[in-house]
Amino acid sequence: MDIDGRERESLHQGRAWLEVGCNERAEELFHQTIKESFGVGYRKDYQPSLFAEWIGKAIKNEPEHAIEHIHWLTSRLKHIETIAESSTRLRATERLLHETFAFNLKSGLKLAIWLLDNEYDYFQSVASTLLKALTKVAQTEAEYQAIFRFYTEIYLYIDDNDTSDLDTSLQKAVVDCGQRILGERFTSYIPLLKAKIETECPESISDKLIKGLDDILSAPAEENETVALRSFDPKIAKAEKYLIAGKKREAWKMVMTALEDSRPTGWVRYYDGGTRINACEMLQKIDEKEGREFTLELFARDILDGDSYGTIQYLDEIVPLLTENIDPKRLFDEEFAYMNRMLREDTCHEDDKPNIEPDDSTVCEILRDWLLWLADMPIICVMERAKILLTHLYNESDIKLIGILPESFHSERLLLEVGCYLAELQSTRLVEFREIAKKDTISDNYQYRIYAAKILKALGEEIPSAPYKVLPVTYSILFTDAIPKPLSWLPTQKDNVEDINWSDADSVMGVASHWCGYLSHCSGIERRTLNCRAVELMKKYGDVTTSNANKNIAINRHYDTINLRCSYKKAHVQAALDGMLEVAAELKDGGAVHGHYLDNLFMTRDFGNINIKAVHKPAFIQRIAAPQAWSVDKNWIDGYEDSPRLAEDLPEYDGWTVIGECTHIKKMAENFPMEEYQAKLSFNDTEVEPFVNSIFSDSPFMCDTSAYLSIGSDDPEIILLRGGYYTDFPNQSKWIAFNPALASFLGWRPCPNNRFAWLNDSSEKMVESVFWRSGNINEFSRDRYEVSEGWMVIASKKAIEDLREVAILYSHKMIMRRMENNLLDTSHRTYRITHYKQAE
């Protein structure tokens, strides 16, 4: 209840007690009414943010009391949240976080995480404050590069800024920091920054951010601060000119003339820019003693007239005009007394005093700890990007990871994943992961073994084999039959965690059904038995009860509250996958596997993604709604056969012909309409059989990107799609590329610096694959823009001529429309095949 409501409630209750003769109770409530009249208002009350500003100034004067001062406000945030609109709390937390970072970077980081964990601030606001703080203290190129990467790879990617109030202050801070540290070399970062804005940001703000960047880069040097402050008032500016010329009398008169146009509200910059403050500053510059006397008299008169509302916010500017003897501690004591009258001791929550102990962490160490926290999030797109940024940070700085993480399954997996990403970068620091990899080659988790082997192979080390182990008796038990219930995180599955029967192993392990089927095939053991054993092992990693449903509800609500509305990993998923991965290890160690595993099948991420760069959305990519439309047309989903993409020729891209395309589009609107478009050149004139949701036939399944050159010999297609169950960057991981076997048949050779490109005998580029992006397709925004991403294979005219010599070419196209809340409905799709005639 807000202040007005509490006052009325106390007053009415007090009157009620009077009527029944309980005078003492009535008096208590009337006193309470008076106390409640002092406090924070419900709407547009800036006092809490002012208190945070005062706390920041007090910390500068008394750093030994910093934690005490910060806790004063954190312990009152819950009260502010209950009595005022959210913007009041948000302004206060933003200012408090700014002041805490100014005190100590590690204290600021701890407070930032606490604010998000307790839902007192938004993720974008906290990340912005963190980055601004780091840009102020960064000194080396390595530090700046780490800041730049986070800004472009994560901040821009999750930025859902309101276009009506686009804030470019962080962008300016990043640019200013780069210019300060790099000097003229910063110009090399500008094209990359613009490219990242175009690919990572939503279309609703990318153009405005590009324009903002151009304005920042073209802005002249800042004007003299004093002149800029008074430039709005020509009379003050003229007075300054008189003073410079030595005409003090004329200058004084001109200021007096300016004061005739000023009101008592001129002590508040919010109202008129601070005409009283500016005039009195000028008077004291002309004659300090006489000017101070005049200022004191003018301020006292305005106070007595009752026109001083809001001046408390500008005491730090006003007090020096009244006296030259300022005691900062005494001033804060007065401010603190006022703070305690507005937010009394009974508004304090003692539990809201987080650990914010300072230390001497560097910029790179702060970013490391921040990224480690993000890497532990269930928000998939943020978690995976954080791991990639951790890898770059580790590779490009001297930070430590090994030995600083607590011992846990999460830490073990994280270190192995960073090691695998370092292997893709061919980093010299990979050697530091040798001992970890050697230990995990015999891990109970089969996926850990694969990661460890990848690291050791990159280091040229021998890969130890796990010793034989007797299979547990569970594998010999016959379990009762149950109807299998396939559940998965894949978009083709309808079921969700609320549908799981937690007493049925098949239901619980549905998320790992693809692995279970493969292990059953390799071992001959019943799927039911494997699932029961996996559930038994799953308990080591997480919960196997109905409480997971409540956890998912809490996860969804929490990240929605802090404005991170993206796809997230369900609470039980990783534990279930790990349980089945331990089954895979047990079967292999116990000699139950016939032959050898296809290890790629057990990979859930493609570490090659660290080397894939996105380009701007091609001009030929379609929209599914008008740019500012709130939703798609009401007949959109049924009009899939009328899509102009089905009738057009193969599009051109920078002078090349697009011979393969896989495009995903999502509209931020009710039910999130989605469109998928696929196209390819083929030697076949018939549809793919069986046709499910792809026109790319029996393409390589779960093939590692590094093995691209060795695939395709058994596939007659021109374009191959790498399929699989990838939880990270699912669209990016499912690349399309020219068939390597066909390229070799044509006499082409791989391009040395482009994994998916091919050259002819004259070293002319014939084909290559390009990944493009426009915004975050994993997001669920409340705005109305579109996001999209996809792959395309582009070919030169000479390449197409070479293909024509092999056989007749046919154009295959497929379009499918559906809604995010009903992904199983794939009925709104069509498949077209036409004879390809190359445009002249």
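In the predicted model, F186 counts as buried because its relative accessibility is 3%, below the 20% limit for that class. Y189 is likewise buried, with a relative accessible area of 11%. F148 is also buried.

These residues take part in aromatic pairing, and the structure holds 33 aromatic pairs. A pair of aromatic rings is described by the distance of the centres and the angle of the planes. For F148 and Y189, the ring centres lie 5.0 Å apart and the planes meet at 85°, so this pair is edge-to-face. Because F148 belongs to helix α9 and Y189 to the loop between α10 and α11, the pair ties together parts that are 41 residues apart in sequence. F186 and Y189 form a stacked pair, with 6.1 Å from centre to centre and 10° between the planes.

Helix α10 comprises the 14 residues 169-182; at 1.5 Å a residue it should span 20 Å, and its end C-alpha atoms are 20 Å apart, which agrees. Its buried residues include L170, V174, V175, I181 and L182. The buried residues of α10 pack against α8 (123-137), α9 (141-158), α11 (190-200) and α12 (203-218). Just after α10, G183 adopts a positive phi of about 65°.

Aromatic residues also occur together elsewhere in the chain: Y708, W735, F756, W758, F771 and W791 form one aromatic cluster. The charged end of R429 sits over the ring of Y394, 3.7 Å from its centre, and that of K570 sits over the ring of Y568, 5.0 Å from its centre.

Note on methods:
Residues are numbered from 1 along each chain as its sequence is written. This is a predicted model: local features need pLDDT of at least 70, side-chain atom pairs count only at pLDDT 80 or more; totals for chains, interfaces and linings use all residues. Side-chain values use heavy atoms; hydrogens and water are left out. Helices (H or I, at least four residues) and strands (E, at least two) are DSSP runs, numbered from the N terminus. The expected span of a helix is 1.5 Å times one less than its number of residues. Buried means under 20% relative accessible area, exposed over 50%, partly exposed in between (1.4 Å probe, protein chains only). Contact means heavy atoms within 4.5 Å. Rings of Phe, Tyr and Trp (its six-membered ring) pair if their centres lie within 6.5 Å; planes under 30 degrees apart count as stacked, over 60 as edge-to-face and the rest as tilted. A charge sits over a ring if NZ of Lys or CZ of Arg is within 6 Å of the ring centre and within 35 degrees of the ring normal.
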